[in-house]
Amino acid sequence: MNSIQGDVFQQDNARPHTALVTQHDQQSVDILPWSSRSPDLSPIEHVLDIIGRQLQRHPQPALTAPVLTDKMQQAWNTIPKTDIRHLYNTMHARLHACIQNPGGYTGY
């Protein structure tokens, strides 16, 4: 892994992140301490969840990368911009909820 000068990374202690080879690579970067039970705070994680749920509703699974790409683009296009704006606007409240209940359920 090439170190990116000045960047700080975050990982959630998921199993792939705790593998020895991963831990070895992470020695050269700054890692933000993070509880393994913390909810996903990044708005993109919530957007990907919305897209994933939409893809699961399709009667036919995407069997090729181009079909999957097309279905993901279609799912993205159906997400109301107000939902994206809501994720952005509630970031402060989500961070506050995590600080108030470290590592526990926040409702987000």
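Mentor: Happy to! Read along the sequence, the pattern of the chain is β-α-β-α-α-α-α, which comes to five helices and two strands. Helices (H or I, at least four residues) and strands (E, at least two) are DSSP runs, numbered from the N terminus. You are looking at a predicted model, where local features need pLDDT of at least 70 and side-chain atom pairs count only at pLDDT 80 or more, while totals for chains, interfaces and linings use all residues. Residues are numbered from 1 along each chain as its sequence is written, and side-chain values use heavy atoms, with hydrogens and water left out.

Let's begin with α2 and α3. Two packed helices are described by the angle between their axes and the distance between the axes. Here, helix α2 covers residues 43-56 and helix α3 covers residues 65-78; their axes come within 9 Å and cross at roughly 115°. The axes are lines fitted to C-alpha atoms, for helices over the stretch in contact, and angles run from 0 to 180 degrees between N-to-C directions. The crossing of α2 past α3 is right-handed; a crossing has that name if the near helix is turned clockwise from the far one by less than a right angle, and is left-handed if anticlockwise.

Which residues do the touching? From α2 come Val47, Ile51, Gln54 and Leu55, and they meet Leu68, Lys71, Met72, Ala75, Trp76 and Thr78 of α3. Contact means heavy atoms within 4.5 Å. By class, this contact has seven nonpolar, two polar and one charged residues. Ala, Val, Leu, Ile, Met, Phe, Trp, Tyr, Cys and Pro count as nonpolar, Asp, Glu, Lys and Arg as charged, and the others, Gly among them, as polar.

The side chains of aspartate 49 and arginine 53 form a salt bridge, at 2.9 Å from N to O. The rule asks for a side-chain nitrogen of Lys or Arg within 4 Å of a carboxyl oxygen of Asp or Glu, and by it the count is one salt bridge. Aspartate 49 and arginine 53 are four residues apart in helix α2, so about one helical turn separates them. Aspartate 49 is partly exposed, at 41% relative accessible area, and arginine 53 is partly exposed too, at 40%. For these words, buried means under 20% relative accessible area, exposed over 50%, and partly exposed in between (1.4 Å probe, protein chains only).

Now move along to helix α5, residues 91-100, where the buried residues are Arg94, Ala97 and Cys98. Seen down the axis of α5, these buried residues fall within an arc of 100°, so they line one face of the helix. The arc is that of the directions from the helix axis to the C-beta atoms. The buried residues of α5 pack against α2 and α4 (81-89), whereas His92, Ile99 and Gln100 are exposed on the other side of α5.

Methionine 91 also lies in α5, and is partly exposed at 24% relative accessibility. Leaving out residues up to four places away in sequence, methionine 91 touches Leu41 and Pro43. Methionine 91 and leucine 41 are 50 residues apart along the chain, yet their C-alpha atoms are separated by 7.4 Å.

Finally, find histidine 86 in helix α4. Histidine 86 and proline 43 are 43 residues apart in sequence and 9.4 Å apart in space, C-alpha to C-alpha.
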